[in-house]
Amino acid sequence: MQFQHYDPGDFYDELFVAKGEPRPEAAVLIERINGLTMNELQQRQNAAQNALFKVGVTFNVYSDNEGTERILPFDIIPRILPLREWEILEKGLKQRIQALNLFLDDIYGEQKILKDKVIPRELVESATGFLKPCIGLKPPQGIWCHITGTDLVRDRSGAWYVLEDNMRCPSGVSYVLENRRVMKTTFPLVFNKMSIRAVDDYASKLLETLLNLAPTGFPDPTVVVLTPGIYNSAYFEHSFLAQQMGVELVEGRDLTIVDGYLQMRTTKGLKRVDVVYRRIDDDFIDPVAFRPDSLLGIPGLMEVYRAGRVALANALGTGIADDKVIYAYVPQMIKYYLGEDQLLANVPTYLCWEADQQSHVLANLDKLVVKSADESGGYGMLVGPHATQAEREDFAGRIRANPRKYIAQPTLNLSRVPTLFENQIDGCHVDLRPYILYGKEIYINPGGLTRVALKKGSLVVNSSQGGGSKDTWVVAESVPGQSQNQSQNQSQNQSQNQSQS
Amino acid sequence: MLSRVAHSIYWLNRYVERAENIARFIDVNLNLLLDSPTVMTQQWEPIVSTTGDRPLFKSRYGDATADNVIQFLTFDQAYPNSILSCLTAARENARSVREVISSEMWEQVNLFYLMVKEASQQRHLTLTQLPSFFAEVKTASHLFAGVMDATMSHNEGWHFGRVGRLLERADKTARILDVKYFILLPSPSDVGTALDELQWIALLKSASGYEMYRKRQRLISPDGIANFLILDREFPRSIAYCLLQAERSMHEISSTTLGSWNNSAERSLGKVRSELDFITIEEIIQQGLHEFLDHIQTQLNCVGASIFETFFALEPVG
């Protein structure tokens, strides 16, 4: 009975309603785990981790030269989402992506939302993610954010919030696919008994999304994945996605602009490239248009892109939507573009550039989380309740010096999921990142990546800050009696192996 | 296929093959030492000489003691041709083309690397551990080649890999054979004695050629062994065999008919291959075995350079 002593405590627990009372959709799993000894569980955990390490599902940690690859710690106890709840999330995410896409198309086009003063112009123009060279761009079908990985959290009450939109190059989807593959061998019986939504079609959907962008008029368009190279922290994922889609994985040095088209260098000469799934940040993609010191990009790409002779996913300039100050205006965007109320709430956000909000932030630094508007990955933030007085004073100074750069949010008591440790199971805080593809229609991979803070009591789930991951199961609640697998009738159909006489 | 990708598959295979052959070098010497009369001083210098990196070794280690040479060739991370360095490089290359090669190939390279890395962290391998370590290196390399043959489509990338492996093997067989040139017998009159023969047998064994040689020639003779390792058309580690197969793969890549050429890579490889087709062992011995092997190594370096220019260093026009 592994869960005998497990106590969800004063948190929203994803698998338990209360001590000893699993949520209905988790009952089968809990029963199965209770039937295993701690030893058996540990063995399965090790086998799962080994399987991931062996195929090299690794990420690199910046500034860590010795043995740069690690696997993202993986926990075999999954997070379970009932289907009805997932459907609500799905609706909310679709609405949000639609609105954000219209926003991008607008601010790099007519800028109606600025002219109507729904969002202050200076906020958009001062955002580091706002790229002037992108003004006037017309990406195919008016789609800017083809691939999004929205970060969701839920608080003590179980209510969902959107934490970040991640419209540039969200990573992590390879873990979703690999974690699932490993989980099927870890709990085959449970998979058999429950109806868990499959995630495997992601690569096909991604390829469809990318092909949807190809400039018209060329038969058999060439799609590539563009990576900064093997030292990038997400290199495994770049390579994995290229492999799963059956397309080339290229680096900047493989590409060149010839005759006004983007071309790749092959053993048989140059070959035209039509669609680039780029995993390089905007700033680095073209040293002529953006950062001249970038060695990763392709000089002159912007011009070809502007001429519509190559498509990029995501479009350039989407980083503006990741600015945490702009994030605060998403509810207004939804209202403005769609005429709807938002279905998925934002985390309440204080904008330090507004005087009264700033003084509230400064007075409550010990209760709030302060974030830099243009940083991500757990960098450049202050978790007030866990910070020292000196750290808080440091941030107060920074906020006063550059109020546009900072926002603050209440510290959320993130929901928890039981997680396996050496001798026991403890609750750990999690978030959820579903992956959304915007092609002919909007597709959301069921579930997403559950990131878990493995340091006791920690609220930071980023892989660069000691986080791990879990498989996420979207489960239909009522499980009908499972029909038997059909088995092959051996005596009739199977021919005998020939043997040596 | 992307030039960079072809380049990486080619070097992935060269490095794995190189690691295997370094293991063979050391193994031949360990074998020799065990058979040598006790009075004979240990000869580790010849191994260093055949690698072509003697000056580098001298400047960093000084004396060619067993420990120094084994450390240098096996685990020295600063020496780019040590077994550990080869595996590190092989793995980096594999990592950069993971989506092109089969996952089984990647797993095998990764395991191979981890095995060598782990061995390098045990501070000192004893004389009893060493032979089994080098045997493991050889097996791991064979496994890699087998896995590649059995799991990767025999497409352009596969042929590039094969060209890399075979050129590397040809070069290293030449060097293994050259070890005997550098090994000194206690006195010149020992040529042709039991000790001399033992050394030749050890050399054959390190090229995994002893049994196959026996089936072919029966009697152990220097000329016979040189003939076998250079000119045999069936033994998979002989220089002639390697070049013959490498040429086939190269012509598969470019679709040029065998016997003609369209680029410098095909021409230089065809040239050295055809030289081996028609030369006899007597002619080789006449011009000096060591000189001939040196000449072949230079030619192989030219082939490598022209492969690079033809397929990998493609510059954009204009």
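**Overall dimensions, chain A.** I began with the radius of gyration of chain A in this predicted model. For 501 residues, a compact globule would have a value near 23 Å, and chain A has 24 Å, so the two agree. I then looked up the extent of the C-alpha trace, which spans about 70 × 70 × 50 Å along the principal axes of chain A.

**Burial and contacts.** I noted that 43% of the 501 residues in chain A are buried. I next took the contacts in chain A between residues at least 6 apart in sequence; of these, 68% join residues at least 24 apart.

**Secondary structure.** I recorded 16 helices and 26 strands for chain A.

**The four-stranded sheet.** In what order do the strands of this open sheet of chain A lie? I read the order as β10-β9-β14-β15, with parallel pairing. Strands β10 (248-250) and β15 (311-313) of chain A form the edges, since each pairs on one side only. From one strand to the next, I find an average twist of 30°.

I then examined the pairing of β14 (residues 275-278) with β15 in chain A: the two strands run parallel and are joined by three bridges. Within this part of the sheet, A:Leu312 of β15(A) has A:Val276 opposite.

**Helices against the sheet.** I located helix α8 (residues 202-211) of chain A across β9 (223-226), β14 and β15 of chain A. The helix runs at about 110° to β9(A). Helix α9 (residues 235-245) of chain A also packs on the sheet, where I find it touching β9 and β10 of chain A. The direction of α9(A) makes about 150° with that of β10(A).

**Helix on helix.** At what angle do α8(A) and α9(A) pack? I noted about 85°, with the axes 9 Å apart. The helices α8(A) and α9(A) are therefore roughly perpendicular to each other, as the range for that term is 65 to 115 degrees. On the α8(A) side, I list A:Ala203, A:Leu206 and A:Leu207 as making the contact. On the α9(A) side, the contact is made by A:Leu241, A:Gln244 and A:Met245.

**Confidence.** The complex is given an ipTM of 0.76 and a pTM of 0.83.

How values were computed: Residues numbered from 1 in each chain as written. Chains lettered and ligands numbered in written order. Predicted model: local features only at pLDDT ≥ 70, side-chain atom pairs only at ≥ 80, totals over all residues. Rg over C-alpha atoms; globule rule 2.2 N^0.38 Å. Buried ≥ 20, exposed ≤ 12 C-beta atoms within 10 Å, placed from the backbone. Contact = placed C-beta atoms within 7 Å. Pairing = 2+ DSSP bridges. Axes fitted to C-alpha atoms, helices over the stretch in contact; angles between N-to-C directions. Parallel < 35°, antiparallel > 145°, perpendicular 65-115°, else oblique.
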